[in-house]
Amino acid sequence: MHVAMVIAGGVVLLGVFLLFGKLWGTDAAALALAAKAFIPVWLVVSGINMWVGVSHAGYSVREELPILVIVFLVPAALACLAIWRAS
C-alpha cells in the first residue's frame, strides 16, 4: 500500500510541475521543460524514500532497490510521455 501511495504522490507532484509549466509559459515547450525538471526531483524523492526504508524500517538495500525502481519509473514514464506529447 505504501508503494501505491508514493507512486500516487509522484503523479500528483508531476501534475503540480505541469501546472506550473502551464502557468509560467503558455507554449508546449514550457510543459516539456517542467516535465524534464520533474525527473531529477523525483529521483531524489525516490532515493529519500529508499533511505527511509533502509534506515528506519529495517529493510536491506537489496530489498528496497526493486521498490525504488518501481516507485521512480512509473511517474518518470508519465513525465516522459508528457515530454513526448508536448514536443
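Which residues make up the largest nonpolar core? The core has 12 residues: Val6, Ile7, Leu14, Ala35, Phe38, Trp42, Val71, Phe72, Ala76, Ala79, Ala82 and Ile83. A nonpolar core here is a set of buried Ala, Val, Leu, Ile, Met, Phe, Trp, Tyr and Cys residues joined through side-chain atoms within 4.5 Å. Buried means under 20% relative accessible area, exposed over 50%, and partly exposed in between, with a 1.4 Å probe and protein chains only. Helix H1 (2-24), helix H2 (28-55) and helix H3 (61-86) each supply at least two residues of this core, and H3 gives the most, with six residues.

This is a predicted model, in which local features need pLDDT of at least 70 and side-chain atom pairs count only at pLDDT 80 or more, while totals for chains, interfaces and linings use all residues. Residues are numbered from 1 along each chain as its sequence is written, and side-chain values use heavy atoms, with hydrogens and water left out.

The protein has three helices and zero strands, in the order α-α-α from the N terminus on. Helices (H or I, at least four residues) and strands (E, at least two) are DSSP runs, numbered from the N terminus. Along its principal axes the C-alpha trace spans about 45 × 20 × 20 Å. Of the 87 residues in the protein, 30% are buried. Among contacts (heavy atoms within 4.5 Å) between residues at least 6 apart in sequence, 68% join residues at least 24 apart.

Consider the pairing of H1 with H2. Their axes come within 9 Å and cross at roughly 150°; axes are lines fitted to C-alpha atoms, for helices over the stretch in contact, and angles run from 0 to 180 degrees between N-to-C directions. H1 and H2 are therefore roughly antiparallel to each other. Angles under 35 degrees count as roughly parallel, over 145 as roughly antiparallel, 65 to 115 as roughly perpendicular and the rest as oblique. H1 passes H2 in a right-handed crossing, the near helix being turned clockwise from the far one by less than a right angle. On the H1 side the contact includes Val6, Leu13, Leu14 and Phe17, and on the H2 side Ala35, Phe38, Val41 and Trp42 are among the residues involved. The residues of this contact divide into 13 nonpolar, five polar and one charged. In this division Ala, Val, Leu, Ile, Met, Phe, Trp, Tyr, Cys and Pro count as nonpolar, Asp, Glu, Lys and Arg as charged, and the others, Gly among them, as polar.

The axes of H1 and H3 come within 9 Å and cross at roughly 25°, which makes H1 roughly parallel to H3. This crossing is right-handed. Val3, Val6, Ile7, Gly10, Val11, Leu14 and Leu18 in H1 meet Ile67, Ile70, Val71, Val74, Pro75, Leu78, Ala79 and Ala82 in H3. These residues divide into 14 nonpolar, one polar and no charged. Leaving out residues up to four places away in sequence, Leu14 touches Phe38, Pro75, Leu78 and Ala79.

Ser46 lies in helix H2 and counts as buried, at 2% relative accessibility. Beyond its neighbours within four places in sequence, Ser46 is in contact with Leu68, Val71 and Phe72. Leu68, in helix H3, also counts as buried, at 19%. With residues up to four places away not counted, Leu68 touches Ser46, Gly47 and Met50. Leu68 and Ala79 are 11 residues apart in sequence and 17 Å apart in space, C-alpha to C-alpha.
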